[in-house]
Amino acid sequence: MKDKPAVFKRIVNWFAPPPPWRVPLLIQRASQQSDRVAIAESNGTYSYQELLDASHRVASCLLGKADDLGEARVAFMVPPGFAYAAIQWGIWRAGGVAVPVSPLHPAPEIEYVLSNSQATTFVVHPQFEPAIPRIAHAGGLRLVDTTAAVSSDIRRLPEINFHRRAMILYTSGTTNRPKGVVATHTGIHAQIKTLIDAWEWTANDRTLLVLPLHHIHGIINVLSCAMWAGALCEIHSSFDADRVWERLSSGEVTVFMAVPTIYTKLIAAWEKENPERQALLSDGCSRLRLMVSGSAALPVPILEKWKSISGHTLLERYGMTEIGMALSNPLHGERRPGYVGTPLPGVDVRLVDENGKCVEEGSPGEIEVRGPSVFQEYWNNDEATRNAFRDGWFRTGDIAMVENESYRILGRRSIDIIKTGGYKVSALEIEAALREHPDIADCAVVGIEDPEWGERLCAAIIVRKTLSNKDVREWACRHLAPYKVPTRMLILDSLPRNAMGKVLKPEVKILFR
Ligand code: AMP
């Protein structure tokens, strides 16, 4: 077919809908609730208007003489709090791509993020200046001090096309270096909107943020949802169980979200209190409207213990840096222990076999996800991006099953699904059974290559009081099919975990080799 003449193309373009050049929606919404308190932190409280002003100054500082950062990557290492939100919004308002850097990471990991993202600017809070790696000084990177950025003179800001890149979050792969997950403004809006609808966030909510802000859980599910709703986000720069209990029992907090490890720590702190104080904490906590758990499997005994303490059946949800949140137990209605619920509004989910064919209900399959909240690409890694999608669906690598219309996560394709003696077994299932033992505090099950079995089941166990391998085996034999019983066991003082509290299974494997 002959190409259309240029003039015709121009006429067609006049009638096509204009591209969405605007101010990012979070910022638009903030200006409608400017007098409300947005953030409370140790230094005081800040209104939405103050957040708008500070982020305008940050954007002006980042722009310098430029009209638009044009998707330049701006890395920032700022503790959770008002300054964090002001820098993040400032980067977006200047047309940049926000790359949060965790202060918990050692220098080589920070260097990796700076160089892999090809950041041109690094905004650093004065508190972290001594920890700035050499590369930031040597690599021609513009270093910006948080204090200078928020006190810069203001100037006119660019309009932003929502289809542009907005954020890169680094997520650890199981086999190689972390990959940069690129989200657009549209993608972020979709991730927020689905949670606002499903969990009924309103401006009357007050949430307590204790999660790190280099991970989707804290950034989207807590901070961004609160800001979208016009709610108040109370931020603790680090997790302290006693302080969190104090706030949860105050009667002021309405929504709380955490990973299972945090709930475990809160249970331990509650158990140390005397009965009167326990009753007081439990009573205050029961007044929250919503408590959520995610980012890792929530063990049923923890869910049950938390219910007995707080009266809340934790709402467990399933998501991933690449897709936002995909599955959730209901806000209203039955929350099934051990299940992660059904697809969130606007998210398509399916389970497929190795050939990409949908599996029958009741059979395990890999979770694939499609929809506007799914990420755009892995930064500078076309091959990884290509391999991550099949026919437009993102392949999560997680294996699940649908039972009575609710999804149950069985493990990850790579490490938690173990092939032993020809049987496919879930490490999570074995762990859940072992955790039921009253003297087992925690455990991790891995598959170790074995000439006879393909993989041999091994369990690393943390005990509450002395237990022999024989005791554990007998318990496992009573609760699991014979082929699911671990044949090697190690009693440890603690399990190797990452900053999010997830058990590092590759390191557990090394312990057995
Ligand atoms: P991340 O990208 O760090 O949030 O990690 C996402 C991964 O965490 C998923 O692919 C799952 O393997 C795991 N995950 C998240 N939520 C759950 C859950 N509720 N139950 C089990 N695994 C989960």
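Visitor: Hi! Which strand gives the most to the shell around the ligand?
Guide: That's strand 15, which gives 5 residues to the shell. Keep in mind that this is a predicted model.

Visitor: Okay, and where does strand 15 sit in the numbering?
Guide: Strand 15 runs over 315–320. Strand 23, at 406–412, also supplies at least two residues of the shell.

Visitor: How many residues surround the ligand?
Guide: There are 16, and the closest are His215, Glu316, Arg317, Thr321 and Asp398.

Visitor: You mentioned Asp398. What does its side chain lie 2.4 Å from?
Guide: An N or O atom in the side chain of Asp398 is 2.4 Å from an oxygen atom of the ligand.

Visitor: How much of the ligand does the protein cover?
Guide: On its own, the ligand has 500 Å² of accessible area, and the protein covers 89% of that.

Visitor: New topic: helix 16. Which residues are buried there?
Guide: Helix 16 spans residues 469–479, and Val472, Trp475 and Ala476 are buried in it. These three are on the same side of helix 16, because they cover an arc of only 100° around the axis.

Visitor: Why would residues a few places apart point the same way?
Guide: An α-helix has 3.6 residues a turn, so residues three or four places apart point the same way.

Visitor: And what's on the face turned away from the buried side?
Guide: That face of helix 16 carries Lys470 and Arg478, which are exposed.

Terms used. Residues numbered from 1 in each chain as written. Predicted model: local features only at pLDDT ≥ 70, side-chain atom pairs only at ≥ 80, totals over all residues. Heavy atoms only, no water. Near = heavy atom within 4 Å. Polar contact = N/O pair within 3.5 Å; in protein donor to acceptor, adjacent residues only side chain to side chain. Areas by Shrake-Rupley, 256 points an atom, 1.4 Å probe, with all protein chains shown as cover. Helix = DSSP H or I, 4+ residues; strand = E, 2+ residues; numbered from the N terminus. Buried < 20%, exposed > 50% of the residue type's maximum accessible area, 1.4 Å probe, protein only. Arc of directions from axis to C-beta.
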